[in-house]
Amino acid sequence: MIQVGVNGYGTIGKRVADAVAAQPDMELAGVAKTRPNFEAEAAVRKGYPLYAAIPERSDAFHEAGVDVAGEVDDLVMRSDVVVDTTPSGIGAENAALYERYDTPAIFQGGEDADVADVSFNSRANYDAARGDDVDTARVVSCNTTGLSRLLAPLRETYGVEKARVTLVRRGGDPGQTSRGPINDILPDPVEVPSHHGPDVNTIFPELSIDTLGVKVPATLMHLHSVNVTLEGEPTAAEVRETLSEESRLFLIPEEAGIDGTGKLKEFAQDTGRPRGDLWENCIWENSVSMEGSDLYLFQSIHQESDVIPENVDAIRALLDRESKADSLATTDETLGVGLESLFQGRRQRVVPREADD
Ligand code: NAD
């Protein structure tokens with residue numbers, strides 16, 4: 001069993017911890033938290049060993065009546081790999097801690113690319129994290145993950161001449177009371193390209209891609225307006241078929257009556273997804289259109305959860321435990337990734353499978 005430590009137990013960390021606990025080949029060594037807040041209580045209720053992320057604050061846990069299993073150094077020492085899910089910039093500060101104990105580490109997309117040996121996306125470059133000389137990986141951001149998953153099959157099947165994407169970004173996560181905008185629409189950043197295009201280039205160095213960012217007062221998901229000039233001229237139906245073969249791409253059928261991210265999240269909750277999570281890119285099937293060699297589509301990305309399957313795969317890749325195909329299959333199977341509607345045939349399932357299904 002791979003012993004996995006999770007350092008930082010917020011939006012991404014708590015989801016990574018649950019996903020790790022569900023894997024047949026992994027054990028959650030523990031989670032490190034800075035404060036004894038409601039998330040610490042949830043971790044304790046789940047039976048996750050809790051470690052104090054900041055040693056000087058250990059007493060705060062004791063005073064709040066919460067038992068800790070030790071300090072973050074203890075967690076790093078006893079883990080085969082640490083997934084760092086601390087806020088942007090803190091991961092880079094923590095890198096020395098992981099090095100000190102020679103513990104391989106996985107960082108998140110809020111860190112600069114140079115925090116790790118490789119930037120990682122399961123579908124696009126799993127094997128890049130497997131080398132003997134690779135000790136650290138960075139799972140790219142939610143938006144870059146969504147774009148990489150989409151572009152990988154398009155590149156392989158048709159070739160991509162140029163991608164142009166406008167990212168309509170949620171102002172903050174549902175619990176992020178400190179973020180906005182509250183009632184505005186911001187070009188963000190004003191300069192073109194936004195950082196997303198260069199970030200996609202950490203996965204596909206040769207790809208020609210321009211991205212623009214806009215921030216809106218929403219919390220549920222991001223929406224990408226995508227235009228990809230392909231090297232071939234497939235029909236829209238052929239492209240839909242190609243995309244529908246990918247387990248982490250969900251094509252929303254017209255019959256579902258899902259007209260936006262609000263109903264998408266409602267659909268996820270109705271079908272029993274934990275926390276209403278949508279691990280898959282959600283692509284409006286009817287938006288998939290071809291004009292000559294130009295592909296157009298809209299996709300939504302659930303920022304809080306699409307990187308979760310990728311973190312699980314990154315653990316196996318970094319420790320060189322499984323092939324890409326085996327890891328993705330195990331992750332999808334255990335989490336229930338592969339959301340598909342019952343409408344119009346060729347659909348797999350709409351609810352998470354139990355591990356022993
Ligand atoms: P978050 O603020 O929800 O959670 C971070 C947690 O780390 C918090 O509980 C915080 O208290 C804790 N923390 C702070 N300093 C710490 C320290 N020194 N040691 C241990 N824990 C510490 O943040 P998040 O949204 O989960 O983001 C984590 C990382 O994931 C960032 O790099 C972010 O860019 C990336 N990411 C976030 C999203 C998203 O939409 N939320 C999507 C993809 C990637």
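Predicted model: local features only at pLDDT ≥ 70, side-chain atom pairs only at ≥ 80, totals over all residues.
Helix H1 spans residues 11–21, and its axis comes within 9 Å of that of H11, crossing at roughly 55°. This angle makes H1 oblique to H11, and the crossing is right-handed. On the H1 side the contact involves Ile12, Arg15, Val16, Ala19 and Val20, which meet Ile308, Asn311, Val312 and Ile315 of H11. By class, 7 of the residues in this contact are nonpolar, 1 is polar and 1 is charged.

Helix H11 (residues 308–318) also packs against helix H12 (residues 324–335), with axes that come within 9 Å and cross at roughly 140°. Angles over 145 degrees would count as roughly antiparallel; H11 and H12 are therefore oblique to each other. Their crossing is right-handed. H11 contributes Pro309, Val312, Asp313 and Arg316 to the contact, while H12 contributes Ser327, Leu328, Thr330, Thr331 and Leu335. The contact of H11 with H12 comprises 4 nonpolar, 3 polar and 2 charged residues. Val312 of H11 takes part in the contact with H12 and in that with H1.

A backbone N or O atom of Gly110 is 3.2 Å from a ligand oxygen atom. For Lys33, a polar side-chain atom lies 3.5 Å from an oxygen atom of the ligand.

Key:
Residues numbered from 1 in each chain as written. Heavy atoms only, no water. Axes fitted to C-alpha atoms, helices over the stretch in contact; angles between N-to-C directions. Helix = DSSP H or I, 4+ residues; strand = E, 2+ residues; numbered from the N terminus. Parallel < 35°, antiparallel > 145°, perpendicular 65-115°, else oblique. Left-handed = near helix turned anticlockwise from the far one by under 90°. Contact = heavy atoms within 4.5 Å. Nonpolar A, V, L, I, M, F, W, Y, C, P; charged D, E, K, R; others polar. Polar contact = N/O pair within 3.5 Å; in protein donor to acceptor, adjacent residues only side chain to side chain.
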